[in-house]
Each structure stands twice: as C-alpha cells, then as structure tokens.
Amino acid sequence: MIGIPMKKLPFLACRSNNLVYLNVPKSACTTIKNLMHYLDTKRWLPDPLSVHFDSRVLIGSRSHPKQLHRIISGGGRYCFTFIRAPDRRVYSCFVEKICANDHKGY
C-alpha cells in the first residue's frame, strides 16, 4: 500500500463475499455499503445511515485493520470504488453539510 498504514485508508469488505470497497464519500457510499451488507446478510438495515457507524456491519480498515489486511492480502477479491462527477459531488456536499441546518450531518 505504498507506505500508507491500512487503518488510514477507507477500505470496507463484506464478511461472506469476495468484495472490497475503497470508500469515496459523497459518491453513493451509503448505497454501496448497504448493498454490501445486504449481500452478506440478505436483509436490509432498519436505518440505512447506521451502516456508517456500526463496526459489526462490514469489515473496515479503521475498525478491523488486521482482519482487513488479511482479506486483501489473500487475493481472490474483487476490489472496487465508485466516483462521481466532481461538480455534482461538490454540490451534494454543499447541500448536505452547509445548507441543511436542520439535521446533523454524518
């Protein structure tokens, strides 16, 4: 990983599928994380935003760095990320974090 500590990179992995996701905020990350959880458990989370805070949902580089390192090092995994057009990403961030004063942004 070019000298970057594993726990500094926002990787997530399924518990029972061969998927590893490099998280890019404001690029459908909530949707992707919830889909990965559904692939593992065959059920949806009652609160979709809880996927960001519950370390039991997916294997994460920040919550499970050694376990994730073993998964990535083992090979046979499909690693992916998802990006958005920069202008739409900036707009979404602005609306979510700056304009929306009535709710707490995550």
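Visitor: Which helices and strands each supply at least two residues of the lining of the largest pocket?
Guide: Strand 1 (11-13), helix 1 (29-41) and helix 3 (86-99). Helices (H or I, at least four residues) and strands (E, at least two) are DSSP runs, numbered from the N terminus. A pocket is an open set of points on a 1 Å grid over the protein atoms alone, where a 1.4 Å probe fits, with protein on both sides within 12 Å along at least five of seven lines; lining residues have an atom within 4 Å of a point.

Visitor: What should I know about the model?
Guide: The model is predicted: local features need pLDDT of at least 70, side-chain atom pairs count only at pLDDT 80 or more, and totals for chains, interfaces and linings use all residues. Residues are numbered from 1 along each chain as its sequence is written, and side-chain values use heavy atoms, leaving out hydrogens and water.

Visitor: Back to the pocket. How many residues line it?
Guide: The lining has 26 residues. Leu12, Asn23, Lys33, Val51 and His52 lie nearest the centre. Helix 1 gives the largest share, three residues.

Visitor: New topic. How many salt bridges are there?
Guide: One. Asp54 pairs with Arg56, with the closest N and O atoms 2.9 Å apart. The rule is a side-chain nitrogen of Lys or Arg within 4 Å of a carboxyl oxygen of Asp or Glu.

Visitor: Is Arg56 buried or exposed?
Guide: Arg56 is exposed, because its relative accessibility is 65%. Asp54 is partly exposed at 24%. Buried means under 20% relative accessible area, exposed over 50%, partly exposed in between (1.4 Å probe, protein chains only).
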